[in-house]
Protein chains: 2
Amino acid sequence: MSQITIVDLAETLGLSKSTVSRAFRDSSDINPKTKERILAKAEELGFSPNLYASSLKGNKSYTIAIIIPEFGNKFFSQAIKGIELIARSKGYHTLIYVTDSNVQNEASIVRSLANGRVDGVLISASGEGRDHSHLQLLVDHHIPIVFFDRTYDDFNSHFVTGNDFESSRRATEHLIENGCKRIAYLVINQNVSIGKVRMDGYKKALSDHGIATDERLVLDTENDADVNRDAIRKLLLEQKPDGIFASVERLAISTMRVASEEGMRIPEDLKLICFSCLDITDLLQPSLSVVKQPAFEMGKHAANFLFQQLAKPIELTNQLTTLLESSLIFQNSSKKN
Amino acid sequence: MSQITIVDLAETLGLSKSTVSRAFRDSSDINPKTKERILAKAEELGFSPNLYASSLKGNKSYTIAIIIPEFGNKFFSQAIKGIELIARSKGYHTLIYVTDSNVQNEASIVRSLANGRVDGVLISASGEGRDHSHLQLLVDHHIPIVFFDRTYDDFNSHFVTGNDFESSRRATEHLIENGCKRIAYLVINQNVSIGKVRMDGYKKALSDHGIATDERLVLDTENDADVNRDAIRKLLLEQKPDGIFASVERLAISTMRVASEEGMRIPEDLKLICFSCLDITDLLQPSLSVVKQPAFEMGKHAANFLFQQLAKPIELTNQLTTLLESSLIFQNSSKKN
DNA sequence: GTGAAAGCGCTAACAA
DNA sequence: TTGTTAGCGCTTTCAC
């Protein structure tokens, strides 16, 4: 911690602490030469104004928080990269928290932020539970919140995400066009927004093509990779789908491994497409068809919106959603036989 | 921001602010009933003590920073996950910064931390430049620093990394044992520690097996993917290596793409092994042989050491290095013909 | 253009 | 066990 204070600096320079203080704020009028002298001395002594004293006076932390459910895939690392980039360009600092998709963790993290630690929060919902009152705490403290990728329906705020309904519809339609009759949908979690919206797109494509939805082909998964893998195996063996649409990358990866273990070939016996931000899908065996969200852009967009809110708060009476275009990349995993 | 203060709470309860303050600290003796009453009221009013006032008094931020050069691969996301986990278990918050492998960015970030914002710093060096005096600023402010994965030689501190020399030696030896005679080494950057150490391991394996080092087979790369790709193409075409040892994943990925474009088969014409934390190397075509660092463990280890330093500072007079064991996973990309 | 002084919200000696 | 009080280091009116 910085031992030297503004008073020390003032003394060594024969000035008052208010003058020294002014040298570090842009606004106040001060003799340019004095300012220069002060800044030079500060540099020499390695002094910079104590953050906590400034924040206590100014009631501003110049810090935002990112809360994400997991760190498993490239989507979140790209999104964080975008957020951090914008934040730093605005002179803001970025705190990072991982909830492990656990709403209790989410609540405890959120509670630790309401004491002025942050000026705003970017969050991708953990997806669990029905009680999201912890977020109300932020609202009460006038801390703006922006959701990205995953949200809660029961909460009015800004939400930045991909055009998941349409991408899902097109992904599913692509499987149909390539000959699939029994397409299974692997849900990340029925309670998270992305689970539902992506399922709606899936169902729309089915009904558009006169295919009835078979609930046995919809697999709701959990937070445990082993459990999911067994469930996928059961699905493949019992329901014999000829196409899989996975709402997240890790479920598609599990599917590839299980299919291989069970001697099913992709795409001959089973076609596969999923949401993923992986940048080496072309090198997989088979190359993987994906819906690729603009993760980096999404992070930047969400951050920019947060800073807009910080500059000029807007009261939201219902959820305001911004959709960013995802790209569909069709490769061998979904290829027609 | 929190409008309500400790004084407001005290007034509504007919107590003094010191009593209220005590209710939020664990140590001080206070009537359990009073404490309960205070905490209940605080909960009701959504009050929590202002962080900046506490920090200003206590000269402690309960915040650490992670500074990383890039966010491109799984290594860093896993390491961050480990760090954040430990930090939160200690009641600490974690700031994240990305330097984009640029030492100027690194310096400006570091400077913004020396004002008491953080109690400690975890850093993976950007790798550029010869002047690392910005880090001295942290030392002057008694902010402990722990390096992980990438360090600077000219700086005394704790450094947590993998047993890169030995892993590199074994990886290279593995290529030799599988018949390679002309093994190229792709360096991330000659100036970063990992570039050098991994090269030393490579050279050791060569000399152990009576193979002379051919400097034309050592390719120093830059921060630009396109430039690197062209350089790799040139290397493959002109030097005709029969094995590649890549010090980082992205160089191996570029190699796979270039090889494919030039009609070279892996592993028949060219064997490949690299450092990588990717968890789907088995699904690549061909499955990729890797040196896998314990990224999550490394993050936890580095964080734990930082907290040890925070609890009881130790003056380091030279670099203290902790090596964590990496695992070698041999798959098809390096298989004998 | 510069200085004096009050106070941001909290903590911790000290007193009661 | 609780209250009083003096700051933590800085910003910002208000004088000069």
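1. A word on terms before we look around: two strands pair if DSSP finds at least two bridges between them. Helices (H or I, at least four residues) and strands (E, at least two) are DSSP runs, numbered from the N terminus. With that in hand, chain A has an open sheet of six strands in the order 7-6-8-9-10-12, with mixed pairing. Strand 7 (218-220) and strand 12 (327-329) of chain A stand at the edges with a single partner strand each, so one side of each has no neighbour in the sheet.

2. Please keep in mind that this is a predicted model, where local features need pLDDT of at least 70, side-chain atom pairs count only at pLDDT 80 or more, and totals for chains, interfaces and linings use all residues. Residues are numbered from 1 along each chain as its sequence is written, chains are lettered from A and ligands numbered from 1 in the order in which they are written, and side-chain values use heavy atoms, with hydrogens and water left out.

3. Still in chain A, strand 9 (residues 271-275) and strand 10 (residues 289-292) run parallel and are joined by three bridges.

4. Now to where the chains meet: 55 residues of chain B are in contact with 55 residues of chain A. The area buried between them is about 5,200 Å², of which carbon and sulfur atoms give 57%; buried area is the accessible area (1.4 Å probe) that two parts lose on being put together, summed over both.

5. Two salt bridges are counted between chain B and chain A, a salt bridge being a side-chain nitrogen of Lys or Arg within 4 Å of a carboxyl oxygen of Asp or Glu. R257(A) forms one with D282(B), with the closest N and O atoms 2.7 Å apart. On the side of chain B that touches chain A, helix 5 (74-89) of chain B is among the elements that each supply at least two residues, and its seven residues are the largest share.

Terms used:
Contact = heavy atoms within 4.5 Å.
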